[in-house]
Amino acid sequence: RQRQMCIRDRLASGDIFLSGETVTQSSASTINADNSAGAAVGGSIRVDGGGGVNNITLEGTLTTDNGSSTAVEIVNAANATLNVISAAAGSVVLGEDSKELTGAISQTATTGTISAETLLGDAGVVTITKANIDNVDQFTTTGALTLKEQGGAGAAGLKLTGAITTGGTTWVETTDGILDLDTHTLDATGQALTLKGVGLDQQADSDIFSTTADLYGSTADIDLFSVTNDFTGQVTVHSTGSQVSIQDANQLSMAALTGEIAGTTSIQLWAGADLLLTPENLTTTTGSIEFKSLGGNLSTPGKLTTDSGNITLFSSDTLTLSEKILSSSGDINIEADVIASRAGASDYIKTAGVGTIDITANSGNFTQGSDVLYQTVDGDITLSALGGNATLANIDSTNGLLDVIAGGNVLLSLIHI
C-alpha cells in the first residue's frame, strides 16, 4: 500500500524532514524552517519522495534562512514539480547520489522560482526557467538541462563551483552578469549546447564538451579559450563586446560571423586541427581578426577588411588565401608551411598608414603570384621563405622598407619601394 504525505503548513525553528511514498504540498501551504524569525538561523528542510516511481509535488512555499549546503534538499523520487523554493543564504539540492530525482524536474507555471546561493543536483530531465542563484555546484542530468537564472543575492552573474554533466540538450543562462565556468567542466558530450550571459568566461583548466554550441555574450566579451575545449559541431557566437575568443582542441567549425559580432569586436579563433570558416566577407573597424589552425589547414572565408584592427592568419600546414586582405592602418601577419593564393583574380594584401605586412612560409619555396599585389604606405614589408627560394613579383610601398629572408635564392620583379 502506498503511503502518501499530503502537507499543509509545517512551521519550525529547526530542521524539517518530510518523507513518504509520494509527497504532495498544496498551493496554500508553507513549509518554513525559520518560523522563529529574528536573528536566529533557521533549520534545513529535507523532502524525500520514497524512491521508485513516486513523485514530489510542492505547489506551495518552502523557505529557510539556513546557510548550509543542505538548506533545502529534495530527493529520492521520479518527477518533482516545484513552486517557490527559497534558501537565499544556502544550497538547494535537487537529487543526490543514490537518491536521485530520476524523472523530470519542472516548475509551476508563472510562480515557480528557486532562490539559493548555490544550486546542485542529480536528476533526469531538469527544466528550471526562473531561478535567483549565484552558483551552480556539481549537477548531473541523464537528460536535458535548462537553467535560466535572473540574479541571486550575491555577485551579479552565475558561477560554476562544480562540474555540470548532462545527457541531453543543454541551456545555461544568466541575465544579470557573466556566466563564469571558472576552472570547471561543462560536459554535454554528444549534445547541443547554449550558453548565455552578459559575457562568457572560463579559466585555462576549464573545458567544454558538446556538439553544436550557441554562445551569447550580449554586450560583453566571450572568452572560452581553454586548449581542452572540444566542440564537435558548428559553433555560433553572438557578441557586441570588445573580444570574442574561442579555442578547440581539435577541429573548430564556425558559423557565419557577419551580423553576429560588432565591427568593434575582435575575433580570435584557434583550432588544434583544421579551422573551418563559413564562406563570407568579414569586415571590422577597430576589431582585429585572428584565425589560427595549429594542427591543420586554413582557408580564409572571403575578403577580410579592417580599419585599425590587425589581421593575423596562421596554419601549421597549408594556408589558402581565398580573397583580398585589406587593413586601413592595422598590421597584417600571415604564416604557414605553405601559402597559396588564387590565380588570375587580381587579389591583393594591402595596408595603409603605418600598417605593416609580414608573410612567412616555413616550408619549401615561396612564390608570389604577379596578380597578387602586396602594398603598404608607411609600413614595412617582410617576406620570409625559411626553407627555400623566395620569388616576389608585385610589391609596392610608398615609404616602407622591403626585407626578404630566404633559405635559398631571391628573385625580384615589379618591385616599387
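Reader: Where does Gly287 lie?
Author: Gly287 sits in the loop between strand 29 (282–283) and strand 30 (289–293). Strands are DSSP runs of E with at least two residues, and helices are runs of H or I with at least four; both are numbered from the N terminus. This is a predicted model, where local features need pLDDT of at least 70, side-chain atom pairs count only at pLDDT 80 or more, and totals for chains, interfaces and linings use all residues. Residues are numbered from 1 along each chain as its sequence is written, and side-chain values use heavy atoms, with hydrogens and water left out.

Reader: Why does Gly287 count as buried?
Author: Its relative accessibility is 0%. Buried means under 20% relative accessible area, exposed means over 50%, and partly exposed lies in between (1.4 Å probe, protein chains only). Gly287 is under the 20% limit, so it counts as buried.

Reader: What does Gly287 touch?
Author: Leaving out residues up to four places away in sequence, Gly287 touches Gly263, Thr264, Thr265, Ser266, Thr306 and Gly309. A contact means heavy atoms within 4.5 Å.

Reader: What makes Asp337 partly exposed?
Author: Asp337 has 28% relative accessibility. That lies between the 20% and 50% limits, so the label is partly exposed. Asp337 is found in strand 35 (residues 332–341). Among its contacts beyond four places in sequence are Ser315, Asp317 and Asn362. The C-alpha atoms of Asp337 and Gly364 are separated by 7.8 Å, although these residues are 27 apart along the chain.

Reader: Why is Ala116 called buried?
Author: Its relative accessible area is 2%, under the limit, so Ala116 is buried. Ala116 is found in strand 11. Beyond four places in sequence, its contacts include Ala87, Gly90, Val92 and Ile133.

Reader: Is Asn76 buried or exposed?
Author: Asn76 is buried, because its relative accessible area of 15% is under 20%. Its place is the loop between strand 8 (72–75) and strand 9 (80–94). Asn76 has a positive phi of about 65° although it is not a glycine. Asp182 is not a glycine either, and its phi is positive at about 55°.

Reader: How many residues does the largest nonpolar core have?
Author: It has 91 residues, and Leu94 and Phe291 have the most contacts inside it. A nonpolar core is a set of buried Ala, Val, Leu, Ile, Met, Phe, Trp, Tyr and Cys residues joined through side-chain atoms within 4.5 Å. The largest share of this core, 10 residues, comes from strand 11 (residues 113–141). Leu94 is in contact with residues including Ile74, Leu82, Ile128 and Phe139. In soluble globular proteins, nonpolar side chains tend to be buried together.

Reader: How does the radius of gyration of the protein stand against that of a compact globule?
Author: A compact globule of 417 residues would have a value near 22 Å, but the protein has 28 Å. The radius is taken over C-alpha atoms, and the globule rule is 2.2 Å times the number of residues to the power 0.38. Along its principal axes, the C-alpha trace spans about 95 × 40 × 30 Å.

Reader: How many helices and strands does the protein have?
Author: The protein has zero helices and 45 strands. Buried residues make up 49% of its 417 residues.
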